[in-house]
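Have a look at the chain shown here. The report below walks through its salt bridges, helices, surface and loops.

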Amino acid sequence: MTGTMSGDDPSADAYTPWLSRVLAFVIDLIPFAVLQGIGYALLLGTRETVCGSSDSGYARAESCAAGASTFGQVAFAVTWILAVAYALWNFGYQQGRTGSSLGKGVLKFKVVGQNTGQPVGFVTSVVRQVAHAVDAVICYVGFLFPLWDGKRQTLADKLVKTVCVPL
């Protein structure tokens with residue numbers, strides 16, 4: 001799509017359907033979820049149990065406690081950092097530079113400035129992702145806006161002036 005994106009388009013067909021956007025988001029979350037799953041699995045799978053006893057003048061008591069191992073905690077922290085790095089790369093760098101995150105690329109659409117028709121850059125792309133918190137504030141209704149909005153925009157899209165268009 002070339003030229004300016006401003007003004008009223010005659011049809012919502014010029015914009016990406018809601019279901020495509022949802023599926024792209026699910027695809028985008030898969031690597032993040034896998035990294036987090038590995039971290040949690042290592043954290044839980046390497047738990048340690050430490051037992052001890054105490055002897056007072058009246059009774060002898062034994063007790064055991066389970067907790068996360070140092071390896072598990074480090075592995076969880078590393079996978080968390082990798083997951084955040086992936087999110088910044090995917091939603092900041094990749095989407096900001098090309099308009100498409102991994103999921104959007106698979107489903108063949110991109111995020112562009114509504115007035116320019118061009119990818120929005122790293123900072124605006126990250127701000128758009130953070131602005132999705134606004135979509136969630138009122139029982140996630142903001143994510144449903146594309147179902148009835150003429151430009152199929154979420155509240156976050158409206159705030160940062162972006163639209164999703166087919167490639």
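## Salt bridges

Which side chain meets that of Arg128 in a salt bridge? The partner is Asp157, with N and O 2.7 Å apart. Keep in mind that this is a predicted model. Arg128 sits in helix 4 and Asp157 in helix 5, so this pair links distant parts of the chain, 29 residues apart. Both are hidden from the surface: Arg128 is buried, and Asp157 is buried as well.

Asp157 has another partner. Its side chain also meets that of Arg21 in a salt bridge, at 2.6 Å from N to O.

The structure holds four salt bridges. One of them joins Lys158 to Asp149, with the closest N and O atoms 2.6 Å apart. Is each of these two partners buried or partly exposed? Lys158 counts as partly exposed because its relative accessible area is 33%. Asp149 counts as buried because its value is 15%. Shared partners also build a network: salt bridges join Arg21, Arg128 and Asp157 into one.

## Helix 1

Helix 1 covers residues 18-45, which makes 28 residues. From its first C-alpha to its last it reaches 39 Å. That is close to the 40 Å expected at 1.5 Å a residue.

Where does helix 1 bend? The bend is at Ile30, by about 35°. A proline, Pro31, follows within four residues.

The buried residues of helix 1 are Arg21, Ala24, Asp28, Gln36, Gly39 and Leu43. What covers them? The cover includes three helices named here, helix 2, helix 3 (102-106) and helix 4. It also includes helix 5 (155-160), strand 3 (109-113) and strand 4 (162-166).

## Helix 4

Helix 4 has 16 residues. It reaches 24 Å from first C-alpha to last, close to the 22 Å expected at 1.5 Å a residue.

Which residues of helix 4 are buried? They are Ser125, Arg128, Ala131, His132 and Asp135. Their cover includes helix 1, helix 2, helix 3 and helix 5, along with strand 3 and strand 4. Recall that Arg128, in this buried set, meets Asp157 in a salt bridge.

## A nonpolar patch on the surface

Now turn to the surface. Trp80, Ile81, Val84, Leu88, Trp89, Tyr93, Leu102, Phe122, Val123 and Val127 form a nonpolar patch there. Together they have about 930 Å² of accessible area.

Which helix gives the largest share of the nonpolar patch? Helix 2 does, with six residues. Helix 2 (70-98) and helix 4 (122-137) each supply at least two residues of the patch. Phe122 is one of the patch residues, and it is found in helix 4. Phe122 counts as partly exposed because its relative accessibility is 42%.

## Loops and positive phi angles

Most residues other than glycine have a negative phi. Some residues here go the other way. Cys139, which follows helix 4, has a positive phi near 50°. Tyr140 is not a glycine, yet its phi is positive, at about 65°. Tyr140 has its place in the loop between helix 4 and helix 5. Is Tyr140 buried or exposed? Tyr140 is exposed, because its relative accessible area is 54%.

Lys161 is another case. Its phi is positive, about 60°, although Lys161 is not a glycine. Lys161 lies in the loop between helix 5 and strand 4. With 46% relative accessibility, Lys161 counts as partly exposed.

Finally, consider Leu144. Its place is in the loop between helix 4 and helix 5. Leu144 is partly exposed, because its relative accessible area is 33%. How many residues separate Leu144 and Thr154 in sequence? They are ten residues apart in sequence. In space, they are 7.0 Å apart from C-alpha to C-alpha.

Conventions. Residues are numbered from 1 along each chain as its sequence is written. This is a predicted model: local features need pLDDT of at least 70, side-chain atom pairs count only at pLDDT 80 or more; totals for chains, interfaces and linings use all residues. Side-chain values use heavy atoms; hydrogens and water are left out. Patches are made of residues with over 30% relative accessible area and no salt bridge: like charges are joined within 9 Å, nonpolar side chains (Val, Leu, Ile, Met, Phe, Trp, Tyr) within 5 Å. Accessible areas come from the Shrake-Rupley method with a 1.4 Å probe; for residues, only the protein chains shown count as cover. Buried means under 20% relative accessible area, exposed over 50%, partly exposed in between (1.4 Å probe, protein chains only). The expected span of a helix is 1.5 Å times one less than its number of residues. The bend at a residue is the angle between axes fitted to the seven residues ending there and the seven starting there. Contact means heavy atoms within 4.5 Å.
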